[in-house]
Structures are given as structure tokens and as C-alpha cells.
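Have the structure open while you read.

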Amino acid sequence: MKGFTLVEMMVALLVFALLSAAGVAALGFAADNREVVGRRMEALARLQSARALIKSDLEQAADRRTRAEGGVSTAALTGGAVAGAPLLGFVRRGWDNPDAAPRPSLQYVEYRLVGDRLERRVRRALDGANLDEPQVLLDGVEGVEVAFYADGQWAPAWAGTPLRPLPQAVRLDVRTATFGDIRQLVLLPGGVL
């Protein structure tokens with residue numbers, strides 16, 4: 001009867017240890033990779049949700065002037081490169097009312113860049129009401145530029161007039177730390193490019 005020598009046993013244990021270490025390293029790498037992919041997918045889902053909400057709001061923009069908290073009249077849609085002003089401020093149609101509460105189906109919506117967060121705020125009433133708490137749509141936003149298309153040209157700011165309360169389209173260029181530059185173009189009601 002012949003057995004294994006001590007050297008053969010040591011070589012076999014060394015090979016087994018190397019294979020085990022490689023397996024543990026591969027599993028650790030896979031677990032880390034899964035976490036990174038999960039965070040990236042969550043960030044992508046937030047981005048897609050924000051883009052869908054912005055698109056939905058703008059596609060339902062209404063030609064309705066409002067009064068701000070102090071009673072100051074505002075245009076149907078305002079925004080752009082005006083210091084201290086929201087990126088976009090407008091009234092939208094189609095505010096769902098599943099509880100049949102005594103309120104209109106119109107809603108004032110405002111988008112602002114606060115620090116590195118893109119925020120959406122609304123008013124419960126159209127005229128004279130305070131803005132609700134902000135809804136953070138995106139984090140890690142490095143910059144946002146808004147442009148408005150009307151009469152065959154793009155403008156960096158918009159303050160509607162009685163003859164042209166809404167532009168034909170709105171373009172948002174968002175720069176994020178995670179995804180880089182993102183452009184979104186939304187055609188407003190009655191708009192033609």
C-alpha cells in the first residue's frame with residue numbers, strides 16, 4: 001500500500017489555498033461591482049424620473065398668469081438667465097385630484113437650482129399662496145441652462161407677453177457629476193419647431 005508524501009500533501013494544500021483565495025477575491029470583486037452598479041442604476045432611475053416629470057409639466061403648460069405671495073402679477077411662463085429667479089416658473093394643467101378636493105386642476109410649478117440640487121416646488125393655490133416644501137429631483141447637478149424657442153430663435157430668458165405668453169419649446173441643458181451633459185427639448189402646447 002502506497003501513500004502520499006509530505007511534499008505532495010503540502011503542494012496539494014498550496015494549490016487548494018491559491019484556488020480558494022482566487023475564489024474569495026472574485027466573489028469580493030463581484031459584490032463590490034454589484035454595489036457600484038446598483039448605485040448607478042438608482043441614479044439613472046432618478047434622472048429618468050426627473051426628466052419625465054419636467055417633460056410632463058412643460059407639455060401641460062397653460063396660458064395662465066398668476067400672482068405671487070406678495071400679490072405681484074407674473075407672466076404665464078418665466079425663467080432663464082435672471083439672477084434670483086427660478087429656472088422655470090409656470091402654470092400646468094392636469095393636476096390630478098383623486099380625492100375630489102375643492103381646488104382647481106391647474107397648478108403653479110417652479111424649478112430651481114439650489115446648490116447642487118435641482119428642486120421642484122408647487123403652490124396649492126394659483127394666486128397668492130406660499131410655495132410648498134421643495135421636492136429634490138436630482139443631486140450632484142453642476143449647472144443648468146435653460147433656453148426658450150420662439151419666432152425661429154433661441155433666447156436665454158423668457159418673460160411672456162399677452163400676444164406670446166408661451167414659447168414654442170423649452171430646452172434644458174443639465175450638467176451632472178454622474179452623467180455629464182444632458183440635453184432635454186420639450187415642445188410646449190401649440191408649439192411647432
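The points below go through the salt bridges one by one.

1. First, a reminder that this is a predicted model. Applying the salt-bridge rule to it gives 11 salt bridges. I only pick out some of them here.

2. Start with the helix pair. Lys 55 and Glu 59 form a salt bridge through their side chains, at 3.0 Å from N to O. Both sit in helix α1, which covers residues 6-59, and they are four residues apart, so about one helical turn separates them.

3. How exposed are these two? Lys 55 has a relative accessible area of 40%, which makes it partly exposed. Glu 59 is partly exposed as well, with a relative accessible area of 37%.

4. Next comes Asp 132, whose side chain meets that of Arg 124 in a salt bridge with an N to O distance of 3.3 Å. Arg 124 counts as exposed, its relative accessible area being 57%; the cut-off for that label is over 50%.

5. Then look at Asp 173 and Arg 171. Their side chains also make a salt bridge, here at 3.4 Å, N to O. Are these residues buried or exposed? Both Asp 173 and Arg 171 are buried, meaning that each has under 20% relative accessible area.

Conventions:
Residues numbered from 1 in each chain as written. Predicted model: local features only at pLDDT ≥ 70, side-chain atom pairs only at ≥ 80, totals over all residues. Heavy atoms only, no water. Salt bridge = Lys/Arg side-chain N within 4 Å of Asp/Glu carboxyl O. Helix = DSSP H or I, 4+ residues; strand = E, 2+ residues; numbered from the N terminus. Buried < 20%, exposed > 50% of the residue type's maximum accessible area, 1.4 Å probe, protein only.
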